[in-house]
Amino acid sequence: MSASGASGALADYRPELRPRVLLSDPLLDGAATVHLIKDTGSGNSFKVGPKEHFLIARMDGGRSLAEIGEEYAGEYGRRLADAHWQQILTMLGTKGLLAGVPAQPPPAPTAERPTLLRGTLPLVADADATTARLHRYFGFLLSPWAMVPLLVLVLAMETVVVARSGELLIAVRDLFTNPVLLTGTAILLWVSTALHELAHGVVARHYGGQVAEIGLRWRLPVVIMYCTVDNYLYLGRRRHRIATAVAGAVMNLLFLLPFCALWLFAPLDHATSEAFSALLLLGSVQAFAMLVPLPPLDGYKIASQLAGATGLAASAGGYLRLALRRSPQAAAYPSRARIAYPAYVLGTVLVLAAVVAAAVAGAHHLLTA
């Protein structure tokens, strides 16, 4: 047996993952640390531990098992026998992740058959190509010289919205007495939602992501657009994943900027001015509601990335139950988990408390206006 643990022809074998195989950063999963692996060809994904990831990440076709084994022994202080190598290679081969091994066929579609009441409908044949075209046209807005001034304008707009929130609340109340303006405002908010979804795709594309599908999803009477980023969890940097998640809410706010400018500076009639007032408040609420850190909202994706966790809500809940019972199992969680999980719960409670306080204050203002 070689020093690496692998022997004979096995030691010389140079395994290589298929180019379509993606590996994630380390993620907390309860008390464990895992890596996600996804085959973008078949759509299959699964979890592996740090040791398995250490080996799999080095299967680039350039290193032999003997060389990978040496690195593993240097990192973990033990060598893998032929049986361990065979087990790992068999697992990867069975899943079709190794070059030269027949690929797994894509799984049979499991989506529900669309009905009148609920379903999905893809809108474009090649969502990734469509997103690439959108990125060519609008990607310049993601550069700092364009985005920073836009964000400054958004901050100024939201300052005005907060300062004049009482006036805007009354405009929202009055909007519901005017069916024509209410319908127009609802259409604009729907367009904002559609742009929200496309923004996720364009920003993901900017950072090397792939968009699998763009379409309509309906649960009558609600009909919304959706944009599925196939490799969101596998984008190269955490800040890229956070930027992709926050892009939708930023797009909602950018959408409001021209309406805010017209509302502040254009000579509008009273009805139009009131409609724009309501749009500004409702659109702002729409944007910030998406940042609440509860699944499946964008805020939850951001919180998951900040915590470096998968299944954050369930993991945090499990840890807190153990911690409140003073269970010895809670002490077995890694220190990062013992910080991230309570921080997520506390942050979520504070955000929800702020939402409730704002709703109560708004209701009180309307009752006393």
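Strand β7 is the main contributor to the lining of the largest pocket, giving 6 residues. The model is predicted. The pocket holds about 1000 Å³ of space. In total, 27 residues line the pocket, and those closest to its centre are R217, Y226, C227, T228 and V229. Besides β7, the elements that each give two or more residues to this lining are α8, β6, α9 (238–265) and α11 (298–307). By class, the lining has 13 nonpolar, 7 polar and 7 charged residues.

**The sheet behind the pocket lining**

β7 belongs to an open sheet of 3 strands, in the order β5-β6-β7, with antiparallel pairing. The edges are β5 (118–122) and β7 (222–229), and each of these pairs on one side only. On average, neighbouring strands are turned by 25 degrees against each other, direction ignored.

| Pair | Sense | Bridges | Residues opposite each other |
|---|---|---|---|
| β5 and β6 | antiparallel | 5 bridges | P122 and G215 |
| β6 and β7 | antiparallel | 8 bridges | R219 and V222 |

Strand β6 covers residues 211–219. A hairpin of 2 residues connects β6 to β7. At this pairing, R219 stands opposite V222 of β7.

Which strands does helix α8 lie across? Helix α8, residues 179–206, lies across β6 and β7. Its direction is at about 5 degrees to that of β7. Helix α8 and both of these strands are among the elements that give two or more residues to the lining of the largest pocket.

**Aromatic pairs**

Searching the whole structure gives 11 aromatic pairs. One of them joins Y72 and Y76. Two numbers are used for such a pair: the distance of the ring centres and the angle of the planes. For Y72 and Y76, the centres are 4.9 Å apart and the planes are at 40 degrees, a tilted pair. Why are Y72 and Y76 separated by about one helical turn? Both sit in helix α3 (residues 65–76), and they are separated by about one helical turn because they are 4 residues apart in that helix.

Key. Residues are numbered from 1 along each chain as its sequence is written. This is a predicted model: local features need pLDDT of at least 70, side-chain atom pairs count only at pLDDT 80 or more; totals for chains, interfaces and linings use all residues. Side-chain values use heavy atoms; hydrogens and water are left out. Two strands pair if DSSP finds at least two bridges between them. Axes are lines fitted to C-alpha atoms, for helices over the stretch in contact, and angles run from 0 to 180 degrees between N-to-C directions. Contact means heavy atoms within 4.5 Å. On a 1 Å grid over the protein atoms alone, a cavity is a set of points where a 1.4 Å probe fits but cannot get out, and a pocket is an open set with protein on both sides within 12 Å along at least five of seven lines; lining residues have an atom within 4 Å of a point. Grid points are joined across faces, edges and corners, and a volume is the space filled by probe spheres set on the points. Ala, Val, Leu, Ile, Met, Phe, Trp, Tyr, Cys and Pro count as nonpolar, Asp, Glu, Lys and Arg as charged, and the others, Gly among them, as polar. Rings of Phe, Tyr and Trp (its six-membered ring) pair if their centres lie within 6.5 Å; planes under 30 degrees apart count as stacked, over 60 as edge-to-face and the rest as tilted.
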